[in-house]
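Subject: Handing over the structure, with notes on what was found

Dear colleague,

I am passing this structure on to you, and below it I set out what was found, taking the chain as a whole before turning to particular places. Please read the notes with the structure open beside you.

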Amino acid sequence: MDLPVLVGVDGSEESLRAVDRAAEEAALRGAPLRLVYASLWERYEGSLIAQEVGKPAEEVMGQDIMDAAERRARQHHPDLRLTTSVLADEPSFGLVNESSTARLVVVGCRGRNAVTELLLGSVSLSVAARAHCPVIVLRGGPERRTTPGRVVLGVAGKDTGPAAVRFAAEEAALRGVPLEAVRAWRRPAHSTTGHPLLAGGPAQAQEQEAAEALEEALRDVPEGLEQHRRTAEGHARDVLVDASRDAGLLVVGARRRTGRFGLQLGRVAHGVLHHAACPVAVVPETD
């Protein structure tokens, strides 16, 4: 089955940026693009105008938004295979449900109804935490790069499994950019540098373990892809946020636990979604 790249649109500037990125991802993969607008609110808000035009209320504004998004997608990729859908559904639920038949979902950082105090819109966070396929959340403001930045893979324990590694390698290969795998390590709280025989011992062991974790994570990455490995002392979230400042994409894994409810995101993935300076791809890893 030729699964599509799925993008959620709501008429906001953020969602139009998401359309641009989704169209690019679909074109790189030779995949179809699917535009989805999901809303329950317009069903009630637009009842009067719905009567005048003889359409269901949720389609009045939704179809206008769809038309604009489709024009946007075809500006730079006129040959895309493209489908659209207006759903009478809650946005995050609709997108998560649609993700079960998609290869990738792209969403903006926040929509037109976002509360300005939020670091990340609730719909974007919910989709990233529950989708059945990888999700790219646009971060860092309008992208002004003339050349694509490197792909950074956060190797953070059991949450970073083979699916995240494969996705990061595929994205780097499609864009012709290097893949940089980053692993953070922490100095043991009880370590000391006060005695010359003890200086650096525990910390050196932690750094070595981090380097070995990188080697293990990248063992199946194709040799033809330019790869870099880097360890850095510090909290994993802070290390990855710092790495995102000059990256084109930051990739993190998220362990999906069968039968568990709530946001299925680790602390590192949750943190970088709120603070990264570049788009973040959250890749589900199942137990």
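In what follows, a residue is called buried when its relative accessible area is under 20%, exposed when it is over 50%, and partly exposed in between, with a 1.4 Å probe and protein chains only. By that rule, buried residues make up 49% of the 287 residues in the chain.

Before the details, please note that this is a predicted model, in which local features need pLDDT of at least 70 and side-chain atom pairs count only at pLDDT 80 or more, while totals for chains, interfaces and linings use all residues. Residues are numbered from 1 along each chain as its sequence is written, and side-chain values use heavy atoms, with hydrogens and water left out.

**The chain as a whole**

The chain has ten helices and ten strands, where helices (H or I, at least four residues) and strands (E, at least two) are DSSP runs numbered from the N terminus. If contact is taken to mean heavy atoms within 4.5 Å, then residues 24 or more positions apart account for 78% of the contacts with a separation of 6 or more. The accessible surface comes to about 14400 Å², of which 51% belongs to carbon and sulfur atoms; such areas come from the Shrake-Rupley method with a 1.4 Å probe, and for residues only the protein chains shown count as cover.

Helix α10 (residues 267-275) has Val-268, Ala-269, Gly-271, Val-272, Leu-273 and His-274 buried, and what covers them includes α6 (122-130), β5 (135-137), α9 (236-243), β9 (249-256) and β10 (280-286).

Val-252 is found in strand β9 and is buried, with a relative accessible area of 3%. Leaving aside neighbours within four places in sequence, Val-252 is in contact with Ala-164, Leu-240, Ala-269, Val-272, Val-280, Ala-281, Val-282 and Val-283. Although Val-252 and Pro-134 are 118 residues apart along the chain, their C-alpha atoms are separated by 9.8 Å.

Leu-80, in the loop between α4 (57-76) and β3, also counts as buried, at 10% relative accessibility. Not counting residues up to four places away in sequence, Leu-80 touches Ala-23, Ala-26, Ala-27, Ala-31, Leu-33, Ala-73 and Arg-74.

**Salt bridges**

A salt bridge here is a side-chain nitrogen of Lys or Arg within 4 Å of a carboxyl oxygen of Asp or Glu, and the structure holds 23 of them. In one, the side chains of Arg-29 and Glu-170 meet at 3.6 Å, N to O; Arg-29 lies in helix α1 (residues 13-29) and Glu-170 in helix α7 (residues 162-175), so the pair ties together parts that are 141 residues apart in sequence. Arg-29 counts as buried at 14% relative accessibility, whereas Glu-170, at 38%, counts as partly exposed.

Arg-29 also meets Glu-171 in a salt bridge of 3.0 Å, N to O, and because Glu-171 lies in helix α7 and Arg-29 in helix α1, this pair ties together parts 142 residues apart in sequence. Both Glu-171 and Arg-29 are buried. These residues belong to a network of salt bridges that links Arg-21, Glu-24, Glu-25, Arg-29, Glu-170, Glu-171 and Arg-175.

Elsewhere, Arg-150 forms a salt bridge with Asp-246, the closest N and O atoms being 2.8 Å apart. This pair links distant parts of the chain, with Arg-150 in the loop between β5 and β6 (151-154) and Asp-246 in the loop between α9 and β9, 96 residues apart. Arg-150 counts as buried at 18% relative accessibility, while Asp-246 is partly exposed, with a relative accessible area of 46%.
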